[in-house]
Amino acid sequence: MNRREALKTTGGSTVMALLVSAGLIKPTDVFAQATDWNKNAFDTKNLNDTVKALGGTTATLSKDIVFSSAPDIAENGARVPIAIVSNIPKTDSISILVEKNPNSLAATFFIPSGTEAFASTTVKMGQTSNVYAVVSADGKFYYATKEIKVTLGGCGG
Amino acid sequence: MADPMKIRARLQGDKTQVIVSMSHEMETGQRKDAAGKTVPAWFIQNVKATHNGKVVFSAQFGPAVAKNPNIGFRVNGAKVGDKIIMNWVDNRGDNRTDEITVTPA
Amino acid sequence: MKNNLTSIRLMSLLLSLIAVPAIALADTKVDVATEVMTKSFKERGQAKLDRLNQDKAMASCTEYANKPMPAKIAASITAENFAAIPFPKDAKYLGDWKAGERIAQSGVGKQFSDNPANPNGGNCYACHQLSPLELAYGTIGASLYQFGKNRGYSAEIAKYAYGKIYNSQAYLACSNMPRFGHNQILTEAQIKDLVALLMDPESPVNK
Amino acid sequence: MKGSHIVQYLGLWIIGLFAAATIASASAADKVEKKSTNAKPPAASAKTTDPTIREIEKYREMLAEGNPADLWEARGEDLWKQKRGPNKVSLEQCDLGQGAGVVKGVYATLPKYFADTDKVEDLETRLVTCMVMLQGFSYDQAKKAPFGSADNRSNMEALVAYVTANSRGLKMNVALTHPKEKEAFAIGKKMFFHRSGSHDFSCATCHAQDNIRIRLQDLPNLTKQEPAQRAYTSWPAYRVSQGELRSFQWRLFDCFRQQRFPELDFTSQGSVALTTYLARNANGGVLLAPTIKR
């Protein structure tokens with residue numbers, strides 16, 4: 001997955017660089033076009049389907065994936081900080097899924113070799129839900145899960 | 001024109017800890033406005049970090065990433081004074097590129 | 001004796017002169033403050049400027065916010081407010097606890113940002129613990145968990161709960177609780193639903 | 001805790017038995033309820049024992065690590081230095097109380113009396129003054145977008161973020177020496193305790209007791225120094241629920257909305273007076289703003 005991604009990017013960049021030097025497009029357009037987005041994965045509604053859309057068949061539960069930072073209770077579902085460390089060798093991507101959101105997949109992070117198997121971000125959670133960290137490493141998929149409760153703070157109006 | 005990102009890149013031991021704040025609505029496409037009309041989805045789809053011409057971290061976001069999101073990652077092999085270039089592109093094709101110099105922790 | 005009194009009066013006059021800045025601020029600014037406050041708000045939506053006006057009870061509660069209220073004034077507040085409660089003629093106080101739970105959860109109503117055509121909430125959980133299923137409860141008011149179970153499911157307690165929600169000032173002068181019926185926040189039917197939430201043996205509050 | 005519950009149950013049994021709804025006994029019931037409220041601090045203040053509260057505290061710490069307030073600070077700094085308005089000048093000559101152009105540390109001393117306007121002004125009011133006097137905006141233009149939203153961004157909130165960030169780490173030091181400053185404090189205090197509206201609320205309803213919370217949100221007792229310091233020094237803040245950086249003027253505006261009052265007029269004399277009361281109560285507290293809140 002990662003290698004394919006890297007190859008695609010490299011190839012794309014070369015073409016783009018030529019176009020830029022030929023004055024056909026502005027440098028800022030390069031980034032805009034040399035990317036792709038896995039629409040199928042972002043349309044899925046559960047762990048299994050997401051794993052399939054990410055290129056796997058099934059994911060196994062792993063103790064080597066750690067929620068290094070993630071609250072048990074979030075005071076506001078609009079911003080839930082989540083950080084994940086994978087201790088699985090050759091980790092090349094980390095995805096964050098929120099089971100009860102309209103679509104499960106929130107984000108996928110691609111980890112080239114030389115970069116730590118770590119990612120953090122902030123996600124939205126519509127309600128209390130299981131959150132999954134899905135890791136792909138050497139062609140296999142693994143996951144860990146954690147329940148995060150979403151509560152209501154403040155005056156309620 | 002999108003607002004600049006706020007990027008911090010600090011060398012801690014042999015790892016550079018990068019934290020990026022991005023200014024973006026991250027509209028889900030599920031919300032209705034006051035008139036009851038669905039507000040169309042508008043969100044960052046791709047984020048990329050480059051160091052010495054090499055992509056060192058990239059991400060695909062769905063609309064469930066929070067408004068004004070941040071991401072964090074750790075790069076090996078960067079030195080103080082090196083540049084890290086961040087770029088994002090949203091589903092409307094709007095994009096933003098900013099760079100930061102790695103500083104000591 | 002008389003001399004003494006005079007000298008005391010003189011002394012206190014002198015003292016009050018010395019202390020003028022502070023005392024003057026505390027007393028004479030009352031009207032200036034009201035005037036400034038009135039000028040500092042503008043009506044918006046359903047929240048008109050009359051929201052700043054006080055009835056007798058609220059004027060007294062404001063006046064005595066930082067000092068003990070004389071028992072007589074407290075008694076007159078509770079008496080006058082109690083007399084103003086129209087208890088339901090049918091002496092039935094319990095509505096539907098499920099509807100009550102929704103009212104207890106809802107924090108909308110009467111804000112300038114609220115549509116007055118929509119029903120108002122009671123926002124009970126903002127201040128009280130009720131159903132054990134709701135973790136996000138406030139502690140401004142007492143816990144009402146097992147309200148009926150502990151007090152007994154009697155008509156007297158139901159009537160008390162109804163009256164307390166309708167007009168809290170009838171039971172405790174300057175209680176922090178809104179007068180939900182008296183100030184037309186909730187309807188009689190809504191208050192009965194809340195009484196059911198507190199008093200129905202099937203309500204999660206009593207589980 | 002258990003003991004107080006028993007007292008409470010007994011009290012209510014007595015009412016049940018002795019009927020009731022006489023005012024006297026009902027008011028006794030209230031006293032009992034009140035007592036149990038007072039006996040509550042263990043649950044409410046229990047940052048160490050109540051697992052829910054402990055977890056919420058952790059959530060708040062995690063949030064603070066990537067605070068989008070930075071984005072507002074950066075935009076505010078640009079706005080401060082940009083030549084704007086009919087006069088095409090920047091705000092770099094704006095006097096926020098420590099001399100023209102001084103940004104560092106000014107927020108710790110506001111609100112204060114300004115001789116040129118003969119008024120007590122808080123930060124937002126003073127920024128409006130500078131936009132009018134220096135940049136040549138009309139008052140209406142300067143006050144046009146006090147609070148931002150997704151499709152209507154507020155320059156004011158960005159400027160507020162920039163200026164307040166330049167007082168981070170400093171102690172609140174509101175002087176209250178000029179008679180008009182003293183007057184503002186007294187008026188603000190009066191407003192704080194004024195109970196009215198559909199819900200009989202005042203600021204004091206929620207903010208004059210120790211160790212209470214609304215839903216899961218701790219309510220600082222703003223009449224006491226330590227909690228007043230903690231509260232005041234945490235504003236402005238990025239509000240997650242709004243997705244916006246919010247100024248202290250917004251904090252008051254939205255409190256009054258939820259208090260069921262009419263709209264507090266942006267930079268009105270009353271808003272500055274109330275800010276003066278609260279800022280002075282927080283004197284000595286170390287400014288942490290802009291922070292991030294739920």
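A salt bridge here is a side-chain nitrogen of Lys or Arg within 4 Å of a carboxyl oxygen of Asp or Glu. With that in mind, look for A:E75, D:E57, D:R60 and D:D218, which are linked in a network of salt bridges. Please remember as you look that this is a predicted model. Side chains of opposite charge can pair when their charged atoms come close. Over all chains, a search of the whole structure finds 35 salt bridges.

Let us visit a few of these pairs. D:D265 forms a salt bridge with C:K42, and their closest N and O atoms are 3.3 Å apart. D:D265 sits in the loop between β7 (263–264) and α13 (269–281) of chain D, while C:K42 belongs to strand β1 (residues 41–42) of chain C, so this pair joins two chains. D:D265 is partly exposed, its relative accessible area being 24%. C:K42 is also partly exposed, at 36%.

Now stay within chain C, where C:R179 forms a salt bridge with C:D55, with 3.0 Å between the closest N and O atoms. C:R179 lies in the loop between α7 (155–166) and α8 (188–199), and C:D55 in the loop between β1 and α3 (56–63), so the pair ties together parts that are 124 residues apart in sequence. Is C:R179 buried or exposed? At 1% relative accessibility, C:R179 counts as buried, because the cut-off for buried is under 20%.

Next, turn to two helices of chain C. The axes of α5(C) (residues 97–105) and α8(C) come within 7 Å and cross at roughly 100°. These two helices are therefore roughly perpendicular to each other. Residues making the contact include C:W97, C:I103 and C:A104 of α5(C), and C:L194 and C:L197 of α8(C). By class, the contact has 7 nonpolar, 2 polar and 2 charged residues.

Finally, follow the strands. An open sheet is formed by 7 strands, in the order β2(A)-β4(A)-β7(A)-β5(B)-β2(B)-β1(B)-β8(B), with mixed pairing. Its edge strands are β2 (65–69) of chain A and β8 (103–104) of chain B, each pairing on one side only. β2(A) and β4(A) (residues 80–86) run antiparallel and are joined by 4 bridges. Here you can find A:S69 standing opposite A:A83 in β4(A).

Methods
Residues numbered from 1 in each chain as written. Chains lettered and ligands numbered in written order. Predicted model: local features only at pLDDT ≥ 70, side-chain atom pairs only at ≥ 80, totals over all residues. Heavy atoms only, no water. Buried < 20%, exposed > 50% of the residue type's maximum accessible area, 1.4 Å probe, protein only. Axes fitted to C-alpha atoms, helices over the stretch in contact; angles between N-to-C directions. Parallel < 35°, antiparallel > 145°, perpendicular 65-115°, else oblique. Contact = heavy atoms within 4.5 Å. Nonpolar A, V, L, I, M, F, W, Y, C, P; charged D, E, K, R; others polar. Pairing = 2+ DSSP bridges.
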